[in-house]
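Please read them with the structure open.

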Amino acid sequence: MDYEIDKAVVTMSNALVRAGHSLTLSEKRLVALAISKLDTKGGPGRYGLGFEIDCKITAEEYAELAQCDMSVAYRDLNNASKRLRKSGIEFFEPDNKRKGAPLVVRVNMSWVTTTKYHTKQGWVELTWNHKLVPHLLGLKREFTSYKLNQAAALRSVYSHRLLELLMMFEATGWAKFSLDDFCQSMQATPTQKKDFANVRRKIIEPAIKELCEKDGWKIEYETTKAGRKVTGLHFTFERDKQENFVL
């Protein structure tokens, strides 16, 4: 069956969604395209746990997702594949309990082990880090999925990250985060973290505006405080599936 972007779904573990990584928008598009091509239904038996998984992404596919011309697609594929090889991920996993206290392990790894850009042929081949594969194949309980074309029209990396965060809680229609956790997931800069007004103005409000205008979301949020200091965020949201939006 031919690959169709408008039917493709991106699925990854919640730990990976909330991971500390600073992918650019072109890198996130490349990763999302690659993830959407993985066959998650077969679990470890589909690929063989521990084996490397290769994935091919063409300039035509990237151009369709990014809604750009082919010259931009060639440029972005080349640059994004180079940067992705050096990009790291940091997230936390539960560990064994000691004296009743839950423990966590900080995990650092790369997205891919190899990237190959096929010059003048217009496609990239990625080889996933095999230790990352369990976070992509649905081998654990908590996973997030969204349709690839939901992110197609987004032009802000913050909008893309907020989309992934909200989709973790799609079933409930609300989500709460500590401010530190939210800033970590959104990769806020040190300057932004110093003043919540910067987080609100540079990250939250532009991301909400774009998701509402381009993907039909209705999103509201409230802050929680300790004294005068903002310490957390409470989002309520729903997506209107009956309207036509810019995709």
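Is R75 buried, partly exposed or exposed? R75 has a relative accessible area of 47%, so it is partly exposed; that class lies between buried (under 20% relative accessible area) and exposed (over 50%), with a 1.4 Å probe and protein chains only.

1. Basis. This is a predicted model, in which local features need pLDDT of at least 70 and side-chain atom pairs count only at pLDDT 80 or more, while totals for chains, interfaces and linings use all residues. Residues are numbered from 1 along each chain as its sequence is written, and side-chain values use heavy atoms, with hydrogens and water left out.

2. Salt bridges. The whole structure holds ten salt bridges, each defined as a side-chain nitrogen of Lys or Arg within 4 Å of a carboxyl oxygen of Asp or Glu. One of them joins R83 and E27, whose closest N and O atoms are 3.3 Å apart. R83 belongs to helix α5 (residues 70-86) and E27 to helix α2 (residues 25-36), so this pair ties together parts that are 56 residues apart in sequence. Helices here are DSSP runs (H or I, at least four residues), as are strands (E, at least two), numbered from the N terminus. E27 is buried at 2% relative accessibility, whereas R83 is partly exposed at 35%.

3. Two further bridges. R75 pairs with D76, with 3.1 Å between the closest N and O atoms; D76 counts as buried at 12% relative accessibility. K209 and E213 also form a salt bridge, at 2.9 Å from N to O. These two residues are four apart in helix α9 (residues 196-215), which means that about one helical turn separates them. E213 is partly exposed, at 46% relative accessibility.

4. Aromatic pairs. Rings of Phe, Tyr and Trp (its six-membered ring) pair if their centres lie within 6.5 Å; planes under 30 degrees apart count as stacked, over 60 as edge-to-face and the rest as tilted. The count by this rule is six aromatic pairs. F177 and F182 have ring centres 6.1 Å apart and planes at 50°, so they form a tilted pair. F177 and F235 are edge-to-face, because their planes meet at 70°, with centres 6.2 Å apart. The latter pair links distant parts of the chain, with F177 in strand β8 (residues 174-178) and F235 in strand β10 (residues 229-239), 58 residues apart.

5. Ring cluster. Ring pairs join F169, F177, F182, Y221 and F235 into a cluster. F177 is buried at 5% relative accessibility, and F235 is buried at 0%.
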